[in-house]
Amino acid sequence: MKRIALLGMPNTGKSTFFNRFTGANARVGNWPGITVDLMSAKLPLGDQMAEIVDLPGIYDLPGDSEDERVVEHFLNTTPVDLVLVILNSSQIERQLSLLLQVQQLGIPCIALLNMSDEAKKFGVRIDEPSLSEQLGIPVFSLSAKYGEGFELVKQKIADTLSYINKAGLPSSDKKVSLKNIDNAELEKRMHGIVEKSIQIPTRLSDNITQSLDKLFLHTWLGLPLFFLVMYFVFQAVFFLGDPLQGGVEQLLGLVRVHALEPLLAATPALVQGFLLDGVYDGVGTVATFVPIILLFFFFMSIVEDSGYLSRAAFLMDALMSKVGLDGRSFVMLLMGFGCNVPALMGTRVMRSRGLRLLSMLVIPFSLCTARLQVFVFFIAALFSPSHAPLALLSLYFFSFFTAFITALLFKGKYRTVEPFIIEVPPYRLPTLQQIIIRSWHEVRHFLQRATTFIIIGVVLVWVLTNFPSSAAPASVDTWAGIMGSWLSPIFDPIGVDQKLTIALLFGFVAKEIVIGALAVIYALEEEGLGSLIAQQMDWVQAYSFMLFTLVYTPCLSTIATIRSESRSNTFTAISLIWPLFFAWFLSFAFYQGARALGY
Amino acid sequence: MTKQLSILRAGESGIIASLNTHEDYLLRRLMAVGFRVGKQIELIRSAIAKGPLHVRVGTTEVMLRREEAQSIEVTLC
């Protein structure tokens, strides 16, 4: 089998090309020693099978950025038969540098001039035959987005592969010696090629982008418009997502009642509990995230592909750079108020690892809709209607506050080493096909990476709350209850009693189940729960419990996502332990402070 | 007259006179996105509160922070 590597600078439509080339069968592959996700796909090309690998977008071959090191490492350790270098046609005059660097490696390559539709519109003219002659490699124009020229390119790639096969060219297995690249020489060559084969107007005529930017990046209107856009995206994702999630839950419930329970009726109660309340509920937890992830990436792809995300980075940078983040982190932080899981996955647009980890550390502080359910319940039970909005608002304040404090504290540890130089692409119309493929890839990615982890976690909590088998489920006599009493020296000073500690343990799985779990713990129906809780605790205790619930681990799925996205157990541990500590500290300060003031 | 890109006003344009940085990494990144001596450059706008700059260089539009822009000298025209 032949291996093809796809290489190019960021924003060249590389992924669009890859998606068109491979359709829906691309997967995240495992490559030794590589810490970022590389998509690859195997497909028949001409008379043989080929594997195509989508390498991260890079500016330079001998690199200092993480992505550049990944590419270098990949080329050093993996034999490659053909490199496809993809360039943005309208920026060819500077992007040729990467192509010339790749040529120095001595691996056969083909240059693909993508976005030919835009180049034509902007008045950039490229003499392909002349360019091909000067470079000594095949050169093809195409629009990966609209498919123009694509079939020809595919054919030519197949032809080149069979030629390589017949000529018996070995795949590259020599060490990539990039240090020898003479950049001054490269510059000179590049200049000569541009002079001879490319005509560029002194100014690109993209009036639409200029007018839109005058509005969207306006000194005073820019930020309000940004929040308006975010508001609509947020509403679209979570208000469409809510009924869909409900539907999935209902469906799972129906399967449970009508199929699984009758099927398992003859088995012992423990086996039934393990399979239904453990494994099946774990599967259910995973499944309820699918609609949200789909919708999130559907709308985020529009924001990203249209070019608006980099504008958002421009608008929010002044504020965010002070805490070591950038505008894109802020967008994900906002989306985290719907659901942390897709927001964490969305940080992949940030290519600096330090920046990405710092963003992933702060996103879980966003008060997501699952936590909101818990807060609304407690606030309704313990606060008067006039105080209720204030209580909820203060929790939103704490959500931002904890995120910013965490960013400030950790910005030294997760430093952004990459210079902040981001391309501002022209505004573009996203295509439905690209958006759907992207959303599908993200869902599959989540399912592949997080399912096992989540199921194990749910089973574990089931075990803790159902054993020893002599104890009533979720009662203080279970292992969870026993743990609660061990932990009482820690939780008493923040006003959280043993029963609430068990609820916090359930909350570790998912905040959606906290109220249901409390009903089980108090052996009550949910309707009576509110008034019972109002009798059992005062508002200071309740608020302390809510603060803790806000700040500590949002849910198992968040942890699973942090683990799969960071690929680091150390980082996962930090993002688990720091919020626990922070939550306790805040609740302690609040609870003891309020009590000292006589409340 | 040359000026640092970071102190240009919105709408001013010129030719890049020099890239002054000792950081090899920054220099290579600047060159890769199109900042090269002799290139036409225009400051389109800057964000409020000392935010980043929006710049057109050659056929590419980029944003960069003021610290990075300090290393770029521009001959006004």
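Me: How many salt bridges does the rule find across the interface of chain A and chain B?

Reply: This is a predicted model. One salt bridge joins the side chains of Arg29(B) and Glu68(A), at 3.8 Å from N to O. Across the interface of chain A and chain B, the number of salt bridges found is 6.

Me: Which element gives the most residues to the side of chain A that touches chain B?

Reply: Elements that give two or more residues to that side include H3, helix H7 (183–197) and helix H8 (207–216) of chain A. Helix H11 (308–320) and strand E10 (421–423) of chain A belong to the list too. The most comes from one element, with 5 residues: H11(A).

Me: Asp60(A) and Arg28(B) meet in a salt bridge. Why does the pair join two chains?

Reply: The side chains meet at 3.4 Å, N to O. Asp60(A) lies in the loop between strand E4 (48–54) and helix H2 (66–77) of chain A. Arg28(B) sits in helix H1 (residues 24–32) of chain B, so the pair joins two chains.

Me: Is Asp60(A) buried or exposed?

Reply: Buried means under 20% relative accessible area. Asp60(A) has 8% relative accessibility, so Asp60(A) counts as buried.

Me: Glu93(A) forms a salt bridge with Lys39(B). What does Lys39(B) count as, by its relative accessibility?

Reply: The closest N and O atoms of this pair are 2.8 Å apart. Glu93(A), in helix H3 of chain A, counts as buried at 9%. Lys39(B) is in the loop between H1 and strand E3 (40–46) of chain B. Buried needs a value under 20%, and Lys39(B) is at 21%, so Lys39(B) counts as partly exposed.

Me: What is the area buried between chain A and chain B?

Reply: The contact takes 40 residues from chain A and 31 residues from chain B. In chain A, Phe314(A), Phe420(A) and Ile421(A) lose the most area to chain B, together 22% of what that side buries. Carbon and sulfur atoms give 57% of the buried area, which is about 3,200 Å².

Me: How many residues of strand E6 of chain A are buried?

Reply: On one side, Cys109(A), Ala111(A) and Leu113(A) are buried. On the other, Ile110(A), Leu112(A) and Asn114(A) are buried. Strand E6 (residues 109–114) is mostly covered, and its buried count is 6 of 6.

Me: Which residue of E6(A) is the bridge partner of Ile86(A)?

Reply: Strand E5 (residues 82–88) of chain A and E6(A) pair in the parallel sense over 6 bridges. The chain crosses from E5(A) through helix H3 (residues 92–103) to E6(A), in a right-handed β-α-β crossover. In E6(A), the bridge partner of Ile86(A) is Leu112(A).

Methods:
Residues are numbered from 1 along each chain as its sequence is written. Chains are lettered from A and ligands numbered from 1 in the order in which they are written. This is a predicted model: local features need pLDDT of at least 70, side-chain atom pairs count only at pLDDT 80 or more; totals for chains, interfaces and linings use all residues. Side-chain values use heavy atoms; hydrogens and water are left out. Buried means under 20% relative accessible area, exposed over 50%, partly exposed in between (1.4 Å probe, protein chains only). Helices (H or I, at least four residues) and strands (E, at least two) are DSSP runs, numbered from the N terminus. Two strands pair if DSSP finds at least two bridges between them. A crossover is right-handed if, with the strands pointing away from the viewer, the path from the first strand over the helix to the second runs clockwise. Contact means heavy atoms within 4.5 Å. Buried area is the accessible area (1.4 Å probe) that two parts lose on being put together, summed over both. A salt bridge is a side-chain nitrogen of Lys or Arg within 4 Å of a carboxyl oxygen of Asp or Glu.
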